[in-house]
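Here's a quick briefing to read with the structure open beside you.

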Amino acid sequence: MFKKVLIANRGEIAMRVMRGCRELGVRSVAVYSDPDRSAPHVRAADEAYGLGGTTASESYLRGDQIIEIARACGADAIHPGYGFLAENADFAQSCADAGLVFVGPPPSAMRALGSKTSARRVMQEAGVPVVPGTIDPIPTAEEAARIADAIGFPIALKAVSGGGGKGMRVVERPEELVTAFRQASDEAAASFGDPSMYLERLVVRPRHVEIQMLGDQHGNVVHLGERECSVQRRHQKLVEESPSPVVDAALRARMGEVAVRAAKAVGYTNAGTCEMLLDQNGKFYFLEVNARLQVEHPVTELVTGIDLVHWQLRVAAGEPLDFRQEDVRLRGHAVECRIQAEDPYGRFFPSTGRIEAVSEPAGPGIRIDGSLERGLEVTPLYDSLLSKLVVWAEDRPRALERMYRALGEYGVLGVKTTIPFHRWLMRHPPFVAGDLDTEIVARDWQPADDLEGEFVEQAAVLAAISEHLGRGRRQPVAADAEQVGRWVSFARRAGLRVP
Amino acid sequence: MADTNGTSRPLATTTYRVEIGGQAVTVELAEREDGLFVRVGEGPARCVEVAMSRGDGELALLIGAEVVRGLVAPRDGGVSVVVDGRAIDAVVMDERAARLASAAVGGRPRTSETAIRAPMPGLVVAVPVEAGASVTKGATLVVLSAMKMQNELTAPSDATVKDVLVTPGQTVDQNQVLVRLE
C-alpha cells in the first residue's frame, strides 16, 4: 500500500478520499487554491500545499504544478477525485512519466473512452448495445431520410457541435424529416457555427441507469449493481438510488455483464461507471463510461458493503480483488440527495453567500459526505454541491421516509438549497411508485407560492423571538471582517472561538 | 399550567411586524408575571418558553406544549429562518421602527420601477431584450453564466423594459443592476 497520497481535488470528495486514506493508514496531502486556504478539505489532510490562483484553471487544473508538489513532498500516488483532472488522459500519463501512480484507469483506456464517437465505435465492436444511429455527420437531408427509414421512427436529430439537449429535434414521422433536418441544420449553423447533424433513434421516456464497475490489474473486473439516476435537472443528477426500482436480478445480470464486457474491451482497471439508457420496455443502450469515482458512489457502498475508495487505492497499489462476482450481494436500499446551493423555487438558479448556520441530520441509517460548516463562503468559482445526504434502510419505501425525515433535520442558512425540492420528491406519488424518467423534474416540479400558513407563522414567531432576544444583529467582528479580508477575518473568528 | 387566556396584566408588550413570504405578520410578545406570551395576528395568546437559543443559529421554542425549532441568523439587513429544511427571509421591525419605515415610504414618491440585479458575480452571455420592449412574467431578460451553468434571469411580472445596462461578454458583480423594468 502507498505511504502518502496527494488528493488533487477539493470539497466533499477530497474529504471522502482522505477519510479512506486514513482508514488504510495512508498519509493524505491536500492542495488548495488561494480562496480555499482554510477550507475544510485542507484541515482534513495530514499535509497541505498551496497552488496559488483563484479559478479552477489557475489552481486545481494545474496538473504540472500538482505533479511537482507530489514529487517534492514524497507522495506515491495522486487521487484525482471527480471533475478537474479526473478524466484527463494526458495528466494520467504525466503522472506515470513522473513515477507517480494515478489512482484511476490507464491512460490508454481513458483515451479509448474519451470521445463519444470513439467510445461508441469500440463498444459496437465489443457487441455492447448502443442506440441505433449514425456516428458521423450526415451530408444531406435525403441521406438522413434514408438512414432514418432504416433505423425506425421516432428519431432525434442532433447537432454535432451541440450538447446538453441544445440543437436537438425530435421527428415523429418520415414525411417531417426533410424539413426538420434543414431547419435544425440552419439553427445549428446559427447557434454553433456548424451545420453538421447526426441522428439517433429516440429513446422515449428513458431512465438513466448506470452500472458500477471495479477492476484490478490482474484481469479481474466485477460489477457492483446499478444506480438509478433519472432525477435530473439540466441533464445533471439530483437524486440517485440503488437498486433501481425497475431492475430485477435478471436485468441486473445482463446489464452488469455488458458493463464488464465494455470495461474489458478497453483494458479498464480501477473504479468506473458504465452509463446506460433504459427504455420503458427494459431495453438498454450504452451511453458512456465515466472513468472515475462518481459523485453518487456512496449508494453503491451502502448496499454492497464494499468501500470503493479503499478498493481504488488497493487496486492502484497492485492488489488483486479478494472477492468474485458471485460474492457481490445487494442488501436493502440506499438513496442519495445532492444538497446543492441552488434555489429550487427559482429554476435551480445557483445561490452564493456565507453559510450563517448549519444543523445536520443524524441517527439510524444516515451518512453525510460533505464539507458544510458555518462561515463557509459559497462562491461562484466552483461547483454548487454543498453536501450529499445518503440514507440506507431495509427497503425503498422505508428509505424514502427516512430521507424525508433526515431532510427535515437539515438546516442550512445563508444560501438557498435544494432541500425543499428533495422533501417534495420523497413524497411525490410517481417517484414513490418508482415511475420515473429523466424528464420527471422538468415535467412534475412546479414550484408555486405554496407557503403553508403554519410554516409562515412558525417562521415569523422564530424571527420575532430571535429579535426579542437581541440575536437579530450580526456580530460586530463580522462587520469588521468585510474590510479586512476573508482570511484575516477567518483567523479572528476562529481565534474568538478559543475559550 | 400556564394561563393562555391572557388574564394577568402584562408588564411589557412589544409588537413586531414581520415581513415574510410576501406578507406582513404581526407578532405580539407580552411579558407577564407568569411568563412570556405570544400572539400572532388576531390569534390567541399562548405561553412561550425559549427551550434553546444558541449562538450558532439554533432556536427552539415551546409554544404551549408544541415544539417549534429552527435556525435563525441575520442576512442582508433582515434575518433568514429555516424550518423543516426550508429557508425563508424575513424583516423584523418593532412598532416604532415599523412606523418610521412607513412614514419614510409615505414621504417619498412611490416608484413602480424594478431593478433586476445579478444574484452572483458572473459573465453576461445574452440579453434577449431591449429598452422599450414589453415583457411578460417569466420572460428571459438576461442569461448569466456562473458556477459552470447558464442561468436565466426572468421578469418577475408583466412590465416594460426601461433600461438595459449590460451587454453580452461583460462580467458583472453580485447585486449589480442589469436591467430596469417599470
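Chain B of this predicted model splits into domain 1 (10-106) and domain 2 (114-181). Between the C-alpha centres of domain 1 of chain B and domain 2 of chain B there are 35 Å. Chain A comes with four assigned domains: domain 1 (4-103), domain 2 (141-201), domain 3 (207-444) and domain 4 (464-497). For domain 2 of chain A and domain 3 of chain A, the C-alpha centres are 32 Å apart.

**The sheet in chain B**

- Chain B has an open sheet of four strands, ordered 9-16-14-11 and paired antiparallel.
- Strand 9 (114-117) and strand 11 (134-135) of chain B sit at the edges with a single partner strand each, so each has one side without a neighbour in the sheet.
- Further in, strand 14 (residues 159-164) and strand 16 (residues 177-181) of chain B run antiparallel and are joined by three bridges.
- If you want a spot to look at, B:Val161 has B:Leu181 in strand 16 of chain B as its bridge partner.

**Where the chains meet**

- The contact between the chains takes in 43 residues of chain A and 47 residues of chain B.
- On the chain A side, at least two residues each come from strand 16 (349-350), strand 18 (357-359), helix 12 (396-409), strand 22 (411-413), helix 13 (419-426) and helix 16 (453-468).
- Which element gives the largest share of the side of chain A that touches chain B? That's helix 16 of chain A, with 14 residues.

- Chain A has an open sheet of eight strands in the order 13-12-9-10-11-14-21-19, with antiparallel pairing.
- Its edge strands are strand 13 (284-290) and strand 19 (366-370) of chain A, and each of them pairs on one side only.
- From one strand to the next, the twist averages 25 degrees.
- Strand 9 (residues 207-215) and strand 10 (residues 221-233) of chain A run antiparallel, with six bridges joining them.
- A:Val209 has its bridge partner, A:Glu228, in strand 10 of chain A.
- Helix 1 (residues 11-23) of chain A packs on this sheet, where it touches strand 19 and strand 21 (385-393) of chain A. The direction of helix 1 of chain A makes about 55 degrees with that of strand 21 of chain A.

**Helix 7 against helix 8 in chain A**

- The axes of helix 7 (residues 141-151) and helix 8 (residues 177-192) of chain A come within 9 Å and cross at roughly 125 degrees.
- That angle is why helix 7 of chain A counts as oblique to helix 8 of chain A.
- Is the crossing of helix 7 of chain A and helix 8 of chain A left-handed or right-handed? The crossing is right-handed.
- From helix 7 of chain A, the contact uses A:Ala141, A:Ala144, A:Ala145 and A:Ala148. They meet A:Leu177, A:Val178, A:Phe181 and A:Arg182 in helix 8 of chain A.
- The residues of this contact come out as seven nonpolar, no polar and one charged.

**Helix 4 against helix 5 in chain A**

- Helix 4 (residues 89-97) and helix 5 (residues 107-114) of chain A have axes 9 Å apart and pack at an angle of about 170 degrees.
- Helix 4 of chain A and helix 5 of chain A are therefore roughly antiparallel to each other.
- Helix 4 of chain A brings A:Ala89, A:Ala92 and A:Gln93 to the contact, while helix 5 of chain A brings A:Pro107, A:Met110, A:Arg111 and A:Gly114.
- That contact divides into four nonpolar residues, two polar and one charged.

**Backbone details in the loops of chain A**

- The peptide bond from A:Phe153 to A:Pro154 is cis, with omega near -5 degrees. A:Pro154 belongs to the loop between helix 7 and strand 6 (155-163) of chain A.
- A:Ser242 and A:Pro243 are also joined by a cis peptide bond, with omega about -5 degrees. A:Pro243 lies in the loop between strand 11 (236-242) and helix 9 (249-265) of chain A.
- A:Arg347 is a residue other than glycine with a positive phi, near 55 degrees. Look for A:Arg347 in the loop between strand 15 (342-343) and strand 16 of chain A.

Notes. Residues numbered from 1 in each chain as written. Chains lettered and ligands numbered in written order. Predicted model: local features only at pLDDT ≥ 70, side-chain atom pairs only at ≥ 80, totals over all residues. Domains from an automatic or database assignment. Axes fitted to C-alpha atoms, helices over the stretch in contact; angles between N-to-C directions. Parallel < 35°, antiparallel > 145°, perpendicular 65-115°, else oblique. Left-handed = near helix turned anticlockwise from the far one by under 90°. Contact = placed C-beta atoms within 7 Å. Nonpolar A, V, L, I, M, F, W, Y, C, P; charged D, E, K, R; others polar. Pairing = 2+ DSSP bridges.
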